[in-house]
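Hi there,

Here is the structure I promised to pass on. Please have a look, and then read my notes below.

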Amino acid sequence: MKVARLARLHLNDSEVDRMTNQLAGMLEHFRDVDALDLSDVEPLNQPIPLSNVMRDDVEAPSLDRDEVLSSAPAAQDGRFRVPPIVGFEE
Amino acid sequence: MTVRRTAVDIAASVAAGELTATAVLEENLAAIDAREKEVHAFNLVTADRARERAASIDADVKAGRNVGRLAGVTVALKDNMCTRGVETTCSSKILEGWKPPYDATVVRRLADAGAVVVGKTNLDEFAMGSSTENSAFGPTRNPLDTSRVPGGSSGGSAAAVAAGFSTVSFGSDTGGSIRQPAALCGLVGVKPTYGMVSRQGLIAFGSSLDQIGPFTSTVADAALLMEVIAGHDPLDSTSLPQPAPALSSVLSQGVKGMRIGRITDMPEGSSPDVLARLEAAFDALRQAGANVVDVTMPSMSYGLTAYYLVAPAEASSNLARFDGVRYGLRVDAKDLNSMYGDTRAAGFGDEVKRRIMLGTYALSAGYYDAYYGKALKVRRLIADDFAKAYQSCDVILTPTSPTVAFKFGDKTSNPLAMYLCDVFTIPTNLAGHAAMSVPFGTGESGLPVGVQVLAPALGEAPMFRVAAELERAV
């Protein structure tokens with residue numbers, strides 16, 4: 001349940017039961033790596049030796065605002081419109 | 001069944017005025033009319049747009065204007081690549097109806113080269129699956145035997161080429177999603193070196209693993225497409241700062257003196273028909289003058305665990321953007337957090353939810369080191385194993401998939417059984433290397449078997465040389 005909340009997924013009780021079982025089965029399988037000695041191994045985060053790739057700081061046209069907002073579920077005054085953010089505790 | 005034309009032939013004939021782009025397209029549209037209902041390769045067929053495009057290429061040829069290297073070649077695009085103004089869904093209800101405001105870099109490069117887009121193809125939702133059974137819009141069937149899956153997640157793209165709906169197609173490969181369906185549908189499928197092809201406009205699944213690549217009927221077609229789509233893109237910060245490799249020119253070089261690696265401690269579980277074809281592939285390369293050398297990959301079988309922690313972790317983060325705010329589905333609710341939770345619960349399918357949960361768990365405080373952190377260390381071991389193996393060989397051969405195409409429903413009840421389909425393809429993505437699947441004869445029930453050629457990062461040239469030799473030997 002806590003994981004579902006962190007993932008912003010409202011699951012019903014039967015989904016939670018099924019997923020809890022399936023995830024437990026997978027995590028059990030994933031214990032196979034406990035057989036490896038990983039104490040001196042450096043983690044590999046990504047496969048290529050590039051870092052902090054920046055472009056030159058020059059102005060360039062961006063996406064058209066109206067075109068972007070036209071596919072939003074709700075928009076108003078050139079912005080995305082969302083339900084109230086504060087004042088509604090879970 | 002229509003004769004399958006190659007991209008190389010079409011481009012040459014259309015540019016020379018011997019064949020029209022319109023004629024090529026109409027053959028594909030006729031095949032779609034005849035069989036798409038049964039195969040379901042597409043989420044969307046863009047016939048009108050394609051006809052306009054083909055007509056404009058034909059007009060360019062007539063007027064003597066330059067038409068590009070893919071003039072008149074029909075392509076199908078996996079429906080996770082953004083196409084401006086054309087619905088892009090990732091086969092998910094959460095994006096149904098969304099029309100991107102821009103084209104992916106690959107889509108733009110294909111258009112510039114004169115290709116004609118026929119439609120957007122079906123996939124496992126957000127590319128999560130190995131059979132295309134996880135699509136929110138229903139499964140794709142294997143055109144070679146419609147009681148079987150086409151593989152996945154790029155199953156629609158593979159089926160489109162296998163059924164003659166398009167000359168070639170494109171998919172994305174995070175853990176085998178191009179190579180495995182290529183093998184199951186009897187096609188060539190390429191997973192380029194990480195960073196070789198721009199990911200800009202590819203809807204992200206596992207950002208450190210994803211690459212776009214082609215499905216083709218021939219190795220030469222795959223080489224041509226790679227030359228068109230590869231090369232640096234300033235819009236993708238993980239794009240390698242170098243031009244596309246020359247591949248068409250290496251295909252006739254043969255494999256004399258090349259060293260072909262054979263893994264002696266390969267993960268078990270492949271069916272005998274698949275292993276027999278792998279042996280035949282080694283024999284064919286020996287006959288052509290290559291040397292087969294033994295190598296070991298002691299951590300290869302742990303790749304599955306590393307992958308199914310790293311990929312869901314990255315996915316749980318990437319898919320956070322589907323929250324009902326900027327695009328796609330929204331389920332209205334009284335406050336923002338409820339809207340997020342309700343929208344995502346209604347919009348995502350089972351497998352996507354499962355992987356988001358798994359990834360969120362693996363990244364959560366208290367479990368990070370035990371799962372995600374450990375997976376990254378295993379990832380290093382796999383890269384080290386490859387580095388050691390490639391000291392004594394140029395490429396490595398394995399099966400692409402442990403079995404030929406399986407039947408619908410065979411693996412849907414057990415997610416782990418489905419994950420095991422990827423045991424040979426996953427290590428390449430973890431290491432960021434190149435690999436491709438080449439059809440090499442048939443196995444059980446006369447279905448195609450694919451042999452996988454693995455190469456180190458930027459090893460596309462030797463990889464294509466070996467693939468071309470295998471194609472000649474079939």
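A quick word on confidence: pLDDT is the predictor's confidence in each residue, from 0 to 100. This is a predicted model, in which local features need pLDDT of at least 70 and side-chain atom pairs count only at pLDDT 80 or more, while totals for chains, interfaces and linings use all residues. Residues are numbered from 1 along each chain as its sequence is written, and chains are lettered from A and ligands numbered from 1 in the order in which they are written. Chain B has a mean pLDDT of 96, with 99% of its residues at 70 or more. For the complex, the predictor gives an ipTM of 0.93 and a pTM of 0.97.

Let's start with the contact between the chains. Chain A puts in 44 residues and chain B 54 residues, where two residues are in contact if their C-beta atoms, placed from the backbone, lie within 7 Å. On the chain A side, α1 (2–6), α2 (13–29) and α3 (65–69) each supply at least two residues; helices (H or I, at least four residues) and strands (E, at least two) are DSSP runs, numbered from the N terminus. The largest share, six residues, comes from α2(A).

Next, strand β4 of chain B, residues 168–173. Six of its six residues are buried, so β4(B) is largely enclosed by the rest of the structure. Buried here means that 20 or more other C-beta atoms lie within 10 Å of a residue's own, with C-beta atoms placed from the backbone. V168(B), F170(B) and S172(B) point one way from the strand, and S169(B), G171(B) and D173(B) point the other way.

Which strands does β4(B) pair with? It runs parallel to β2(B) (residues 74–78), joined by three bridges, and antiparallel to β6(B) (residues 211–216), joined by five bridges. Pairing requires that DSSP finds at least two bridges between two strands.

Just after α2(B), H40(B) takes a positive phi of about 55°.

Best wishes

Terms used
Buried ≥ 20, exposed ≤ 12 C-beta atoms within 10 Å, placed from the backbone.
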